[in-house]
Amino acid sequence: MKKSMLEIKIHDGPGRAGIYGELTTPAVLPLESISLCEDQAMPYEVPRDLAKWSVEETLKKAGNCEEEFAVVHGSKYVDLRIECAEKLEEMGFNALLVANSDELLQRPRDLVKLVTSLREAVSPNTALCLPFADTSFLPLLAYMGLDLFSDSVCEFYGYLNIIMTPSASYNLEKYPLMELNTEELIEYNKKSLDLVIKEIYENIKNGTLRNLVEQRSCSSPAIMSTLRILDKEYISFLEKYTPIH
């Protein structure tokens, strides 16, 4: 399979909009459309030896893989993640999916450290994918330089009876905003995710992504903490991509 390369068209801070194959990025991919290499899965909290073995096995499997996406493993060890990503790039992969995304989204400090480290380590033309993020988190993730997401969270939330709006997610048992069956709820969540991606793209075009990020950060303590850590501890990362007027 011929592997696409991301062509960046616009920057707004570290956030980017571009073209990846036939996609305009940032983009949400249907889970079933992600052509993923076989990998060696590993939980986030494991001893270093197990994380290193996961990286080694993932790289072995990727060596014989013709799929489009490869998986960046390394559990909680950022240096192993970077090693995995750089070696996958050397093999010709231009789209990397970050493993353990559900765990990372609950750990603001780990999330910021890993995403900024990966974005700095790999080529700007390599697309980074973080699956399982809901609508309210997407603007901040895109602002940090992530390009691709998946709609897997839509089905998961659908079965939990959770509805996603652009600014927040609600359990319909506690907040009966709409009457939807599971399939209708999944489709509604997908439309919400698509709307937010379009919103992000238009804000990048207009140089207002940071404004959107700040608005959405109020919707969740985890998002607010992530933004505060990014601003306080990774100012050089932000300044690198932000023009001084």
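Predicted model: local features only at pLDDT ≥ 70, side-chain atom pairs only at ≥ 80, totals over all residues.
Reader: Why are H8 and H9 called oblique to each other?
Author: The axes of helix H8 (residues 209-217) and helix H9 (residues 221-233) cross at roughly 135° and come within 8 Å. Axes are lines fitted to C-alpha atoms, for helices over the stretch in contact, and angles run from 0 to 180 degrees between N-to-C directions. Under 35 degrees is roughly parallel, over 145 roughly antiparallel, 65 to 115 roughly perpendicular, and the rest oblique. H8 and H9 are therefore oblique.

Reader: Which residues make the contact of H8 with H9?
Author: H8 supplies Arg210, Val213, Glu214, Arg216 and Ser217, and H9 supplies Ile223, Met224, Leu227 and Asp231. Contact means heavy atoms within 4.5 Å. The set divides into 4 nonpolar, 1 polar and 4 charged. Here Ala, Val, Leu, Ile, Met, Phe, Trp, Tyr, Cys and Pro are nonpolar, Asp, Glu, Lys and Arg are charged, and the others, Gly among them, are polar.

Reader: How do you know how H7 and H8 are oriented?
Author: Their axes cross at roughly 140° and come within 7 Å. H7 and H8 are therefore oblique to each other. Val196, Glu199, Ile200, Asn203 and Ile204 of H7 meet Leu209, Leu212 and Arg216 of H8. That contact divides into 5 nonpolar, 1 polar and 2 charged.

Reader: What makes S1 and S3 edge strands?
Author: The open sheet has 3 strands in the order S1-S2-S3, with antiparallel pairing. Strand S1 (6-12) and strand S3 (23-25) each have a single partner strand, so one side of each lacks a neighbour in the sheet. The twist averages 20° from one strand to the next. Helix H7 (residues 182-205) lies across S1, S2 and S3, at about 65° to S1.

Reader: How do you know that S2 pairs with S1 and with S3?
Author: Two strands pair if DSSP finds at least two bridges between them. S1 and S2 have 6 bridges. Strand S2 (residues 15-20) and S3 have 3. Glu7 has Ile19 of S2 as its bridge partner, and Tyr20 has Leu23 of S3. In the hairpin of S1 and S2, with 2 residues between the strands, Gly13 takes a positive phi near 65°.

Reader: Why is Asn125 called partly exposed?
Author: Buried means under 20% relative accessible area, exposed over 50%, and partly exposed in between (1.4 Å probe, protein chains only). Asn125 has 27% relative accessibility, so Asn125 counts as partly exposed. Asn125 is in the loop between helix H4 (108-121) and strand S7 (127-129). Not counting residues up to four places away in sequence, Asn125 touches Met5, Leu6, Glu7, Ile8 and Asn94.

Reader: What makes a set of residues a nonpolar core?
Author: Its members are buried Ala, Val, Leu, Ile, Met, Phe, Trp, Tyr and Cys residues joined through side-chain atoms within 4.5 Å. The largest such core has 61 residues, and Ile200 is one of those with the most contacts inside it. Another core, of 13 residues, lies apart from it and includes Tyr20 and Ile34.

Notes:
Residues numbered from 1 in each chain as written. Heavy atoms only, no water. Helix = DSSP H or I, 4+ residues; strand = E, 2+ residues; numbered from the N terminus.
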